[in-house]
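Please keep the structure open while reading.

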Amino acid sequence: TSNYETILTETRGRVGWITLNRPEALNALNAQLMHDVVHAATTFDANPAIGAIVVTGSERAFAAGADIKEMESKSGLDMIMDDHFGPWARFAAVRTPVIAAVSGYALGGGCELAMMCDIVLAADTAKFGQPEINLGVIPGMGGTQRLLRAVGYAKAAELVLTGRMMGAEEAERCGLVSRVVAASDLLEEAGKVADTIASKSLPSVYAAKAALDAAMETSLAEGLRFERHAFAPLFDTADQKEGMAAFREKRAPNFGNA
Ligand code: CO8
């Protein structure tokens with residue numbers, strides 16, 4: 001139900017689904033795919049009927065990296081003038097929580113795309129890595145920065161400097177993914193997580209994501225200030241009154257967007 005060249009999109013209830021769809025290239029991220037994903041994600045983000053987004057690939061590959069064949073002949077100046085990865089910043093900046101449902105390869109830009117999402121669910125078949133060093137380059141979509149924040153210096157340095165892949169269990173142990181599930185259950189589980197988030201009060205979900213994002217980039221003191229300023233205005237929402245009344249009345253809350 002979409003007019004994109006490289007992805008499929010679908011709305012299920014309050015959840016927007018984006019499925020990377022370049023099977024001939026293991027979903028390698030070329031410019032067209034980047035523009036398609038950014039457009040789809042920002043369109044879902046602008047729609048208050050959408051409360052969560054799922055990004056997934058195929059069973060074999062979430063995405064095997066930036067498109068090497070597209071990049072191979074480029075010069076350094078081309079990379080700067082094309083702003084080759086710049087638009088991904090708009091994907092990382094959507095207010096709606098994004099869940100990456102990863103099966104198979106999530107390498108290079110594919111791993112970096114998963115790390116731009118708020119929650120990474122992995123199939124037991126998932127393989128993560130930053131193999132750019134094998135190509136004579138380094139990660140360019142956040143791999144040295146987000147991976148280090150997710151897994152710490154020791155593991156990030158080993159992965160980025162050797163280019164080796166790690167499996168789903170190791171990725172969960174080191175904090176890159178929130179949970180590993182059987183490959184056959186991945187989409188159902190991702191849908192459940194997305195439905196749960198999408199059933200909450202949207203303003204509180206936006207605030208929670210913004211505060212979590214702030215934690216990734218600021219000092220504790222700054223982050224606590226951010227949190228306090230994000231917390232207070234939620235008491236002006238009808239959903240806060242409803243949520244707390246529902247608790248007192250021992251019933252499920254009925255949030256305005258549900
Ligand atoms: N780019 C372009 N094509 C790809 C890519 C890729 N990243 N990965 C796979 N493909 C293509 C293959 O060329 C092949 O096409 P064809 O059949 O026409 O030869 C097809 O997908 C299937 O792949 P394989 O035959 O290689 O499948 P295997 O099961 O044998 O191997 C692997 C799977 C191990 C995943 C292997 O394909 C591989 O190593 N891929 C490359 C992984 C990689 O190095 N990724 C990092 C890319 S660099 C990067 O992401 C930089 C990020 C910085 C962002 C900068 C953006 C501007």
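Is Val120 buried or exposed? Val120 is buried, because its relative accessible area is 6%, under the 20% cut-off. The model is predicted. Its salt bridges number 16, and a search of the whole structure finds zero disulfides.

**Contacts across the chain**

- Val120 sits in strand β7. Its C-alpha atom is 5.8 Å from that of Ser178. Along the chain, Val120 and Ser178 are 58 residues apart.
- Gly143 belongs to helix α6, which covers residues 143–151. The C-alpha atoms of Gly143 and Gly108 are separated by 7.4 Å. In sequence, these two glycines are 35 residues apart.
- Gly143 is buried, with a relative accessible area of 1%.

**Salt bridges**

- Side chains of opposite charge can pair when their charged atoms come close.
- Glu170 and Arg164 form one of the salt bridges, with an N to O distance of 2.7 Å. Glu170 is buried, at a relative accessible area of 15%. Arg164 is partly exposed, at 27%.
- Arg179 pairs with Glu189 in a salt bridge. The closest N and O atoms are 3.3 Å apart. This pair links distant parts of the chain, ten residues apart. Arg179 is in strand β10 (residues 179–181), and Glu189 is in helix α9 (residues 186–198).
- Which side of the 20% cut-off does Glu189 fall on? Glu189 counts as buried, because its relative accessibility is 18%, and buried means under 20%. Arg179 is partly exposed, with a relative accessible area of 34%.
- Glu249 and Arg251 meet through their side chains in a salt bridge, at 2.7 Å from N to O. Glu249 is partly exposed, with a relative accessible area of 43%. Arg251 is partly exposed too, at 35%.

**Negative surface patch**

- Asp124, Glu169, Glu172 and Asp185 form a negative surface patch.
- Asp124 lies in the loop between β7 (119–123) and β8 (127–129).
- Asp124 is partly exposed, with a relative accessible area of 45%.

**Cysteines**

- The search for disulfides covers the whole structure and finds zero. Cys111 is in no disulfide. The nearest cysteine sulfur to that of Cys111 belongs to Cys174, 9.5 Å away.
- Cys174 is likewise in no disulfide, and its nearest cysteine sulfur is that of Cys111. Why does this pair not count as a disulfide? The sulfur atoms are 9.5 Å apart, whereas a disulfide requires them within 2.5 Å.
- Cys111 is buried, with a relative accessible area of 1%. Cys174 is buried as well, at 16%.

**Positive phi angles**

- Asn27 has a positive phi, near 60 degrees, and is a residue other than glycine. Its place is the loop between β2 (15–20) and α1 (31–45).
- Asn27 is buried, with a relative accessible area of 2%.
- Lys250 is not a glycine, yet it has a positive phi of about 55 degrees. Lys250 is in the segment after α12 (238–248).
- Is Lys250 buried or exposed? Lys250 counts as exposed, because its relative accessibility is 77%, over the 50% cut-off.

Conventions. Residues numbered from 1 in each chain as written. Predicted model: local features only at pLDDT ≥ 70, side-chain atom pairs only at ≥ 80, totals over all residues. Heavy atoms only, no water. Patch = residues over 30% accessible without salt bridge, like charges linked within 9 Å, V, L, I, M, F, W, Y side chains within 5 Å. Areas by Shrake-Rupley, 256 points an atom, 1.4 Å probe, with all protein chains shown as cover. Salt bridge = Lys/Arg side-chain N within 4 Å of Asp/Glu carboxyl O. Lys, Arg positive; Asp, Glu negative; His and termini not counted. Charge placed at Lys NZ, Arg CZ, Asp CG, Glu CD. Helix = DSSP H or I, 4+ residues; strand = E, 2+ residues; numbered from the N terminus. Buried < 20%, exposed > 50% of the residue type's maximum accessible area, 1.4 Å probe, protein only.
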